[in-house]
Amino acid sequence: MTLTKADLVEAVMQTSGLTKAQCAADIVDSILSIVKDRLAAGEDVLVSNFGKFEVREKSARRGRNPATGGDLLLRPRKVVTFKCSGKLRQRVNG
């Protein structure tokens, strides 16, 4: 099951007692905006007892066009990776 932004808003409303009119959606939007801004600036985002989002550099490399089979050069780029915390891993694995 995928966790959507609407699901997060609903969870915030249930756990905090806030209603949508009291900005539960704004809280979730603000948190996600902060995470996106920090990652765009190249900073790591550590959420205690959850995990760490990192921006990593990938160098240029050779690739293959699956449609034609021809070789091509993939440009260098940045990717976001996630490493879960030990507590989250234990909870997921039972």
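Which residues form a nonpolar patch on the surface? In this predicted model, the answer is Val47, Phe50 and Phe82, which together have about 240 Å² of accessible area. I would like to begin with that patch and then go on to the aromatic rings, the salt bridges and one hairpin.

A word on confidence before the details. The mean pLDDT of the protein is 86, and 93% of its residues reach 70 or more. Confidence is lowest in helix H1, residues 5-16, where the mean is 76, and highest in strand E5, where the mean is 95.

Let me turn to the rings. The structure holds 2 aromatic pairs.

Phenylalanine 53, at 23% relative accessibility, counts as partly exposed, and Phe50, Phe53 and Phe82 form one aromatic cluster.

Staying with the loop between E1 and E2, we also find asparagine 49 there, and this residue has a positive phi of about 60° although it is not a glycine. In strand E5 we find threonine 81, which counts as partly exposed at 26% relative accessibility. The C-alpha atoms of threonine 81 and asparagine 93 are separated by 21 Å, while the two residues are 12 apart along the chain.

Now to the charged side chains, where a search of the whole structure finds 5 salt bridges. Among them is the one in which the side chains of glutamate 43 and arginine 38 meet, at 3.8 Å from N to O; glutamate 43 is partly exposed at 36%, and arginine 38 is partly exposed at 43%.

Another salt bridge joins aspartate 44 to lysine 52, with the closest N and O atoms 3.7 Å apart. Aspartate 44 has a relative accessible area of 39% and is partly exposed, as is lysine 52 at 31%.

Is glutamate 54 buried or exposed? With a relative accessible area of 19%, glutamate 54 is buried, because the cut-off for that class is under 20%. Its salt-bridge partner is arginine 56, the closest N and O atoms being 3.1 Å apart, and arginine 56 is partly exposed at 46%. Salt bridges that share partners join Asp44, Lys52, Glu54 and Arg56 into one network.

Finally, the hairpin. Strand E3 (residues 61-64) and strand E4 (residues 71-74) run antiparallel and are joined by 4 bridges, with glycine 63 standing opposite leucine 72 in E4. The hairpin has 6 residues between the strands, and glycine 69 in this hairpin takes a positive phi near 80°.

Definitions and conventions. Residues are numbered from 1 along each chain as its sequence is written. Side-chain values use heavy atoms; hydrogens and water are left out. Rings of Phe, Tyr and Trp (its six-membered ring) pair if their centres lie within 6.5 Å; planes under 30 degrees apart count as stacked, over 60 as edge-to-face and the rest as tilted. Buried means under 20% relative accessible area, exposed over 50%, partly exposed in between (1.4 Å probe, protein chains only). Two strands pair if DSSP finds at least two bridges between them. Helices (H or I, at least four residues) and strands (E, at least two) are DSSP runs, numbered from the N terminus. Patches are made of residues with over 30% relative accessible area and no salt bridge: like charges are joined within 9 Å, nonpolar side chains (Val, Leu, Ile, Met, Phe, Trp, Tyr) within 5 Å. Accessible areas come from the Shrake-Rupley method with a 1.4 Å probe; for residues, only the protein chains shown count as cover. A salt bridge is a side-chain nitrogen of Lys or Arg within 4 Å of a carboxyl oxygen of Asp or Glu. pLDDT is the predictor's confidence in each residue, from 0 to 100.
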